[in-house]
Amino acid sequence: MSRKNGKSSYGVLFLLGLVVAGAAYIYTSVMFERDLPKVTLETNGYWNLKAPLQIKIDDESGIKAYTISLKTKDGKKSLYNEQYIEPKLSIDLEIEPPRSAYTMKEKTVKIVVDVTDASKWNFLRGNRVVKEYEFIIDKKRPQLSGVAHSYKISKGGSALVILRVKDENLQDVYIETNYKKKFKLQPFYKEGYYISLVAWPVTQKSFKATMVATDKAGNKKKLYIPFYLKQKNYKVSNIKLSDRFLKGKIAELAEDFAETQGVNGSLEQFVIINEDVRAKNEKLIHKITSVVSDEMISDFKINKMYPLKNAQVVAHFGDYRKYSYDGDQISESYHLGLDLASNAMASIKPQNGGNVVYSDYNGLYGNMPIIDHGLGLYTLYGHCSSVNVNSDDLINAKTDIANTGKSGYAMGDHLHFGVLVQGIEVRPQEWMDKTWIKLNITNIIKDAKKIIDKN
Ligand SMILES: [Zn+2]
């Protein structure tokens with residue numbers, strides 16, 4: 001008896017084992033997976049009914065069928081559907097906006113994605129997911145218009161633009177140029193109005209600026225700014241490097257810079273200093289001076305810049321310098337400031353208030369304070385012997401910020417005066433000219449406000 005009993009309990013155990021193994025198989029097998037198909041639709045919730053929607057569906061056991069439908073007040077309409085005999089692990093769909101949607105008046109629609117996978121789970125029915133995505137429909141392009149702008153822009157110079165943009169779902173508004181630079185706009189005076197200085201770099205043959213507005217649904221409006229373009233010739237200088245200069249100033253600078261450590265040839269040192277160190281120093285300057293505030297301003301007042309009293313111009317802005325040694329050209333660079341000299345260690349007064357954003361040493365530029373005057377306009381003072389201000393100091397028009405000197409790449413005591421618009425060096429002479437400021441900045445702001453007040 002006991003023997004027989006023993007035998008049948010083994011049988012039961014064996015069967016139980018089979019059931020457990022079967023269940024375990026089902027439980028862990030891909031064929032019986034219980035994960036829902038994964039639906040991915042990148043969206044910010046807006047649709048202009050022009051660009052197709054990109055939908056990605058993934059499933060471990062494979063996708064058996066899907067339906068994409070449009071759900072509006074009037075009901076649900078199937079846009080796409082598919083059944084696969086051979087299940088697909090991953091599919092990418094491009095959902096073209098339905099024609100019917102384009103004429104409808106509704107402000108929102110839903111896209112319903114219904115997917116079933118090929119799993120044997122759920123009594124062979126598979127896993128099913130239904131996802132709904134709601135979209136705000138915006139078919140309208142932003143309304144963009146110029147309010148006022150400087151009449152002309154000179155090569156190497158600055159100009160001002162004031163514009164208006166209207167859109168319920170505005171995403172971005174900026175000024176695009178022919179040389180990849182995008183100028184950031186600052187809110188101006190009243191809602192929907194923006195202001196920006198723009199610059200034509202001295203290194204660019206031509207200039208073109210276009211206002212651009214985009215909304216969240218991807219609608220875009222562009223408007224060209226019809227500046228009168230004034231070409232300007234800048235000096236090309238051929239500079240012969242002397243042994244005295246190479247063994248003197250260059251050898252001295254080479255000791256200071258990390259880039260020239262272990263480099264012994266004078267010409268090699270010169271090329272590294274004039275190109276690599278310069279590029280690094282300018283990169284820092286551009287980064288510091290590219291910042292524009294988001295704060296709304298209702299005016300922008302700037303005095304004639306006149307940083308050094310009774311000064312002589314010793315080198316112009318925009319000079320293109322070609323350096324040669326023994327008849328061979330070995331390097332080149334643009335001089336992106338105005339060199340002014342008076343007495344040694346003369347006081348530097350920007351004549352305009354602002355915020356000190358840098359007050360440190362910067363390679364070729366030596367001791368170099370930078371002042372932020374607002375609206376993306378900055379001034380820079382290179383080769384100083386001493387700097388009397390610190391970063392984050394607020395200065396006024398009469399503050400004595402530094403003294404001239406010959407720190408960095410300078411032969412004699414002078415001030416390298418730089419003016420920058422959103423990270424681009426511009427002609428300081430314009431900002432040192434009262435009439436230019438009145439015609440190109442002050443009057444434009446005045447005119448713009450008159451126009452805005454009438455609207
Ligand atoms: Zn200079």
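## Zinc site, a kinked helix and a hairpin

His335 is buried, with a relative accessible area of 6%. Buried means under 20% relative accessible area, exposed over 50%, and partly exposed in between (1.4 Å probe, protein chains only). This is a predicted model: local features need pLDDT of at least 70, side-chain atom pairs count only at pLDDT 80 or more, and totals for chains, interfaces and linings use all residues. Residues are numbered from 1 along each chain as its sequence is written, and side-chain values use heavy atoms, with hydrogens and water left out.

**Zinc site.** His335 (NE2), Asp339 (OD), Asp339 (OD) and His416 (ND1) coordinate the zinc ion at 1.9 to 2.7 Å. Donors are N, O and S atoms within 2.8 Å of the metal (3.2 Å for Na, K and Ca); water is not among the atoms, so sites may look incomplete. Along the chain the donors follow the spacing H-x3-D-x76-H. The pair His335 and His416 links distant parts of the chain, 81 residues apart. His335 sits in the loop between β20 (328-334) and β21 (338-341), and His416 in strand β29 (residues 415-421). Helices (H or I, at least four residues) and strands (E, at least two) are DSSP runs, numbered from the N terminus. His416 is also buried, with a relative accessible area of 6%.

**Helix α3.** Helix α3 (residues 243-256) has 14 residues and reaches 19 Å from its first C-alpha to its last. That is close to the 20 Å expected at 1.5 Å a residue, where the expected span is 1.5 Å times one less than the number of residues. A kink of about 35° is centred on Ile250. The bend at a residue is the angle between axes fitted to the seven residues ending there and the seven starting there. Buried residues of α3 include Phe245, Leu246 and Ile250.

Strands β14 (residues 209-215) and β15 (residues 220-224) run antiparallel, joined by five bridges. Two strands pair if DSSP finds at least two bridges between them. Thr214 has Lys220 in β15 as its bridge partner. Four residues lie between β14 and β15 in this hairpin, and Gly218 in the turn has a positive phi of about 90°.
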